[in-house]
Amino acid sequence: MERRADRVILFDPAAPDAPWGDTPAAERAHIAMLADVPAHIANVRTEWRALNSGGRVLPVTINHGARGDSYVCTPRAAYVDYARAELAIMRVRGAAAWRALLGGVDALLGAARIDRLVNVDNWLLSTNLHGSWAGADLPAIRAFLTERFPDHVLAIRSVDDWSAPALAQAARADGWVMVPSRQVWVVDDPARDWRPRNAFSNDRRLVARSGLTIETARADDAARIADLYHQLYVDKYSALNPVFTPRFVAATMAGGSIDYRVARAGDGRVLAVAGLMARAGVATPPVVGYDRGFPAAAGLYRIASWMFMTMAMERGWRLHGSAGAAHFKRLRGARGVIEYHAMHVAHLSRPRALAIRALAAALERFAVPMMRRNGW
């Protein structure tokens with residue numbers, strides 16, 4: 001155990017006397033597992049801790065300014081490196097101007113030392129679900145962490161007014177800077193917004209024609225699931241996405257924090273996977289993948305999406321579909337919501353705080369309208 005201030009405790013999840021309180025078993029297993037981060041997420045280097053605030057336990061990552069790794073810990077990777085990688089693989093009009101602009105943003109964030117930060121409630125997933133945390137204790141957490149880490153930015157990833165409206169409101173009220181990060185695609189009620197659509201019927205027919213069996217994943221599928229995820233999110237998209245190892249899949253499957261379904265061929269091979277995490281009635285699929293050796297006509301991405309969307313619909317959960325594939329998700333009843341990186345900077349030097357506030361203002365004025373207009 002490290003520090004205690006009133007009802008806020010920062011602790012090592014691997015400690016035998018860790019103050020877990022009544023943390024749900026699946027959440028405790030997930031947080032305890034990541035005490036060894038590199039063994040479970042190969043491209044993340046961070047100091048892993050947990051924070052007990054009035055009995056609620058939140059995972060915390062602490063970074064001291066090193067560049068690189070996945071965007072789940074380092075904002076420069078999210079705002080600059082990922083955008084540069086997208087420019088390299090997409091045909092974007094005015095790419096040279098965009099690269100110049102990103103160079104300026106990179107310099108601004110470097111001056112702000114934005115990767116010297118403490119990320120609160122960071123599950124190291126593409127989308128953090130904040131569950132029932134409404135942020136009433138945010139001032140106490142902020143006061144504790146700024147005393148403990150006076151030279152670090154404080155941050156909360158994946159804050160939006162759809163999945164965690166009370167937390168977003170609490171952050172604004174406590175003076176946190178809301179830095180736009182991306183547009184995400186959400187489905188308010190899959191049974192109402194997806195099931196009546198043609199896309200639902202077409203996807204259902206595709207699954208029936210495929211000859212694949214949709215079933216709950218088995219423990220011995222862990223390595224194959226990690227490989228299928230890697231094929232899609234790392235090989236096809238970006239090495240800045242979190243690289244989940246077979247140990248991560250096995251641990252989250254055994255601990256129950258992620259529910260995995262697979263599409264299995266007659267010979268036993270898993271050709272597609274969808275892993276769904278849910279908190280407080282909102283679900284998101286942090287692990288999706290398929291065998292890219294098959295032609296696009298096989299529709300394996302559609303089958304993977306069918307699996308996580310039906311899981312959410314069967315259980316009456318709202319669905320947070322994360323970012324990307326805007327047209328595909330709109331056809332399935334999703335709508336766009338702007339997501340933010342909430343950052344507390346008032347305790348930092350004036351130049352650092354101004355740099356981050358300037359980034360937030362510029363993104364709100366220019367990037368957010370473009371996201372909404374272009375479906376980014």
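# Reading helices and strands in a predicted model

Modeller: At 11% relative accessibility, Ala199 counts as buried, because the cut-off for that word is under 20%. The structure above is a predicted model, and Ala199 lies in helix H8, which covers residues 198-210.

Biologist: Which residues does Ala199 touch, not counting those up to four places away in sequence?

Modeller: With those sequence neighbours set aside, Ala199 touches Leu331 and Arg332. As for separation, Ala199 and Asp221 are 22 residues apart in sequence, while their C-alpha atoms are 29 Å apart in space.

Biologist: How should I read a pair of packed helices, and what are the angle and the distance between the axes for H9 and H10?

Modeller: Two packed helices are described by the angle between their axes together with the distance between those axes. In this model, helix H9 (residues 222-237) packs with helix H10 (residues 246-255) at an angle of about 120°, and their axes are 8 Å apart. H9 and H10 are therefore oblique to each other, and their crossing is right-handed.

Biologist: Which residues make the contact between H9 and H10?

Modeller: From H9 the contact is made by Ala222, Ala223, Ile225 and Ala226, and from H10 by Pro246, Val249, Ala250 and Met253. Sorted by class, the residues in this contact of H9 with H10 are eight nonpolar, no polar and no charged.

Biologist: What angle do H1 and H10 make where they pack?

Modeller: Helix H1 (residues 25-33) packs with H10 at an angle of about 160°, with the axes 9 Å apart. Because angles over 145 degrees count as roughly antiparallel, H1 is roughly antiparallel to H10. The crossing of H1 and H10 is right-handed, and the contact is made by Ala26, Ala29, His30 and Met33 of H1 with Phe248, Ala251, Thr252 and Gly255 of H10. The classes in this contact of H1 with H10 are five nonpolar, three polar and no charged residues.

Biologist: Turning to strands, is E7 largely enclosed by the rest of the structure or largely open?

Modeller: Strand E7 (residues 177-187) has 10 of its 11 residues buried, so E7 is largely enclosed by the rest of the structure.

Biologist: Which strands pair with E7, and over how many bridges?

Modeller: E7 pairs with strand E13 (residues 335-344) in the antiparallel sense over nine bridges, and Val186 stands opposite Arg335 in E13. E7 is also joined by two bridges to strand E12 (residues 318-320), again running antiparallel, with Val187 standing opposite Leu319 in E12.

Methods:
Residues are numbered from 1 along each chain as its sequence is written. This is a predicted model: local features need pLDDT of at least 70, side-chain atom pairs count only at pLDDT 80 or more; totals for chains, interfaces and linings use all residues. Side-chain values use heavy atoms; hydrogens and water are left out. Axes are lines fitted to C-alpha atoms, for helices over the stretch in contact, and angles run from 0 to 180 degrees between N-to-C directions. Helices (H or I, at least four residues) and strands (E, at least two) are DSSP runs, numbered from the N terminus. Angles under 35 degrees count as roughly parallel, over 145 as roughly antiparallel, 65 to 115 as roughly perpendicular and the rest as oblique. A crossing is left-handed if the near helix is turned anticlockwise from the far one by less than a right angle, and right-handed if clockwise. Contact means heavy atoms within 4.5 Å. Ala, Val, Leu, Ile, Met, Phe, Trp, Tyr, Cys and Pro count as nonpolar, Asp, Glu, Lys and Arg as charged, and the others, Gly among them, as polar. Buried means under 20% relative accessible area, exposed over 50%, partly exposed in between (1.4 Å probe, protein chains only). Two strands pair if DSSP finds at least two bridges between them.
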